Amino acid sequence: MTTYQASDRYAARKTHGGGGGVGYMILAVFLGLAVAILAIVSVVLVKEADDARDEAAIAAGTTDQSAHQAESNVSLPLQSFAGTTGENAEELALAHEATSAVLPPVPAGELVKVHMTLKDMVVEIAPGVRYNTWAFDGHGAPGPVVHVREGQMVEMTLTNGGAIPHSIDFHAARIAPNIAFKDVAPGESFTFRFRANDPGVYMYHCGTKPVLAHIANGMYGAIIVQPKEGMPAADNEYVLVGSEWYLNGDGVSEPASLDMNKARTRLADWVTFNGYANQYVTHPLTADPGETTRFWVVAAGPTNNVNFHVVGTIFDRAWVNSDLKSPPQRGVQTVVVPAGGGAVFDVKVDDVGLYPFVSHAFADVDLGQVGLLKVGNPKGGSTH
Ligand SMILES: [Cu+2]
């Protein structure tokens, strides 16, 4: 009904206009001229304004492009702080207490209770380089190693002692994430349970958006689920969590925070095993000649893989993708541990020496993702 009435009025107006056609044509010509004159005047005015702005920009030493970049907060090229440490880096590295890489024992009992209290804290990530982390369990990044046996029930309680909401996502769990991995508000606690039915080494991390920022700020760790039928014997077992750091300052004069543009463009300043650049070069992991050493490796990222390789030997066993239900690969040189994934490696080293373990993506070695397995008591320094 409404449509009909509108059409009706339009038809009536057309009919009315039919009698004054010449008058409308004259009016249209005048209107057209007026529009053309206005357009010419506008072009002249805009040109003058552009010229004036360009002159001002030149006088100020800037360009139109840089002004635009500042507005859009894209200030390429981004500044790298790679390799910038405090003075006396060697002394600082020696004084730094290396994060223990030793695999902790499996707690007894059917139920394993894990309680992490999240805390905003400054940690050292390279000699004299400090960073503002959001840390699981208040001891920096990575968070504590959770070690359970297949079939045990894990009861996880997250207490948020930080300033913003956080959560915890266990890759070892089969559970509805919208319920178990939900955001926990500051000052609150949340508990959930899952049964560890899938053996392997898994990542856990904060899953609160933007996840890139929460992982980059140190919210990650490893959970190891031992297969119930056991593993081949190993003499030494170490856990390595690879991750990278993106700094908005050098972290020396004052603690750095996250540079999200660098995280998005993958311009890491430091790349680490267990959160601190080169810590196991200064404080090597150890083995005796003839012993088998097992590495449980997680690549926490947020973005980088770990291309795990031990210089001077070959993996006797490599459980690629931490698939502990299948036989391991043998005689493998380098294995990609994908960001968000894990793998397990055995090496039996007979000869005394210093055996570097690296991500064989060597840009990451340059940024700190290298350590040493010291077999016996070798003399002299390492090759890598
Ligand atoms: Cu978080």
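These are my notebook entries on a predicted model of one protein chain.

**Ground rules**

I number residues from 1 along each chain, as its sequence is written. Since the model is predicted, local features need pLDDT of at least 70 and side-chain atom pairs count only at pLDDT 80 or more, while totals for chains, interfaces and linings use all residues.

**Entry 1: the whole chain**

I began with the inventory. The protein chain holds nine helices and 18 strands. Helices (H or I, at least four residues) and strands (E, at least two) are DSSP runs, numbered from the N terminus.

Next I looked up burial. Of the 384 residues in the protein chain, 37% are buried. I call a residue buried if 20 or more other C-beta atoms lie within 10 Å of its own, exposed if 12 or fewer, and partly exposed in between; C-beta atoms are placed from the backbone.

Then I turned to contacts. Two residues are in contact if their C-beta atoms, placed from the backbone, lie within 7 Å. Among contacts in the protein chain with a separation of 6 or more, 74% link residues 24 or more positions apart.

I traced an open sheet of four strands, in the order 2-1-4-6, with mixed pairing. Strand 2 (129-135) and strand 6 (189-195) are its edge strands, each pairing on one side only. Neighbouring strands here are turned by 30° against each other on average, direction ignored. For such angles, axes are lines fitted to C-alpha atoms, for helices over the stretch in contact, and angles run from 0 to 180 degrees between N-to-C directions.

I checked one pairing inside this sheet. Two strands pair if DSSP finds at least two bridges between them. Strand 1 (residues 111-126) and strand 4 (residues 153-160) run parallel, with eight bridges. V114 stands opposite M156 of strand 4.

I also stopped at R195, which lies in strand 6. R195 has 16 other C-beta atoms within 10 Å, so R195 is partly exposed. L111 is 84 residues away from R195 along the chain, and their C-alpha atoms are separated by 9.1 Å.

**Entry 2: A89**

I looked up A89 in helix 4 (residues 89-95). Which residues does A89 touch, not counting those up to four places away in sequence? A89 touches P127 and G128. A89 and P127 are 38 residues apart along the chain, with their C-alpha atoms separated by 5.3 Å. A89 is partly exposed because 17 other C-beta atoms lie within 10 Å.

I followed two pairings. Strand 17 (residues 353-359) and strand 18 (residues 370-375) are antiparallel, over six bridges. There G353 faces V375 of strand 18. Strand 13 (residues 306-310) and strand 15 are also antiparallel, over four bridges. F308 stands opposite V335 in strand 15.

I then read the side chains along strand 15 (residues 334-337). In a regular strand the side chains alternate between the two faces of the sheet.

I looked up cis peptide bonds. One joins K209 and P210, with omega about -10°. P210 sits in the loop between strand 7 (200-205) and helix 6 (211-216). Another joins G301 and P302, with omega about 25°. P302 belongs to the loop between strand 12 (291-301) and strand 13.

N278 has phi near 60°. N278 is in the loop between strand 10 (270-273) and helix 8 (279-282). Why does N278 count as buried? N278 counts as buried because it has 23 C-beta neighbours inside 10 Å.

S322 has a positive phi too, near 50°. The loop between strand 14 (317-319) and strand 15 contains S322. S322 is buried because 23 other C-beta atoms lie within 10 Å.
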